[in-house]
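My entries follow the order in which I checked things.

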Amino acid sequence: MRKIAVAILSLMFFSGCSLFSNEEREMEQTIPEITLKSSPNTEIKATRGGFTWLGAMTKAYLPTPQEFFKDEKLVRVSRTDQIRVATENEVRMGLFKKVDLDSMQLALVLDSGEFEQVALTERDDGSWEFSVPQKSGKYMYVLDEGYQNGDYEVSYYFGLEISG
């Protein structure tokens, strides 16, 4: 009986615990908390756009801003607001393996479908911050998180309506 238990544990260890990993549950750990700096209790919903799991790409539907705004609830912010992004720096995969956050990139999706990079500033508390555009209007953002040297990438998108 002891040999069987050792064999099963060895198999789990060498297979990277894939028998017990739940891809969706592991993805949930990476969902960023996006809030207004001026109102920390206001959370902006980030919607998952797509992901790469250990190098395997899952095709994502990335809507154009016009399509996005038809289906998504916007968060109205002021031009003076800054947005704070808090993420998990370490995500557990399976029972033993952990992966670290390597990179974060934020892009503004223009009406043309082009992407414009937005500067993210890392704060002392480990969260990130960015300033909203100064012009009133509706904006769509894509936040990309990279874990373990790009083996694991997650994209999220969310919309803001900037008012005066």
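I began with E5 and E13, which pair in the parallel sense over 4 bridges. Strands here are DSSP runs of at least two residues (helices are H or I runs of at least four), numbered from the N terminus, and two strands pair if DSSP finds at least two bridges between them. Arg-76 has Glu-161 in E13 as its bridge partner.

This is a predicted model, in which local features need pLDDT of at least 70 and side-chain atom pairs count only at pLDDT 80 or more, while totals for chains, interfaces and linings use all residues. Residues are numbered from 1 along each chain as its sequence is written, and side-chain values use heavy atoms, with hydrogens and water left out.

I then followed the side chains along E5, and they alternate.

Next I looked at E12 and E13, which run antiparallel and are joined by 11 bridges. Gly-137 stands opposite Ile-162 in E13.

I also traced an open sheet of 5 strands, in the order E2-E1-E6-E11-E10, with antiparallel pairing. Strand E2 (43-44) and strand E10 (121-122) are at the edges with a single partner strand each, so one side of each has no neighbour in the sheet. Within this sheet I checked E1 and E6, which pair in the antiparallel sense over 4 bridges; the bridge partner of Ile-34 in E6 is Val-85.

Which residues touch the most other members of the largest nonpolar core? I noted Ile-83, Phe-130, Tyr-141, Phe-158 and Leu-160, out of 31 residues. Such a core is a set of buried Ala, Val, Leu, Ile, Met, Phe, Trp, Tyr and Cys residues joined through side-chain atoms within 4.5 Å. Elements giving two or more residues to this core include strand E1 (33-36), strand E6 (82-86) and strand E8 (97-109). E13 gives the most, with 6 residues.

Last, I listed contacts (heavy atoms within 4.5 Å) of Leu-160. Beyond its neighbours within four places in sequence, they include Ile-44, Val-75, Val-77, Ile-83 and Tyr-141.

Note on methods
Buried means under 20% relative accessible area, exposed over 50%, partly exposed in between (1.4 Å probe, protein chains only).
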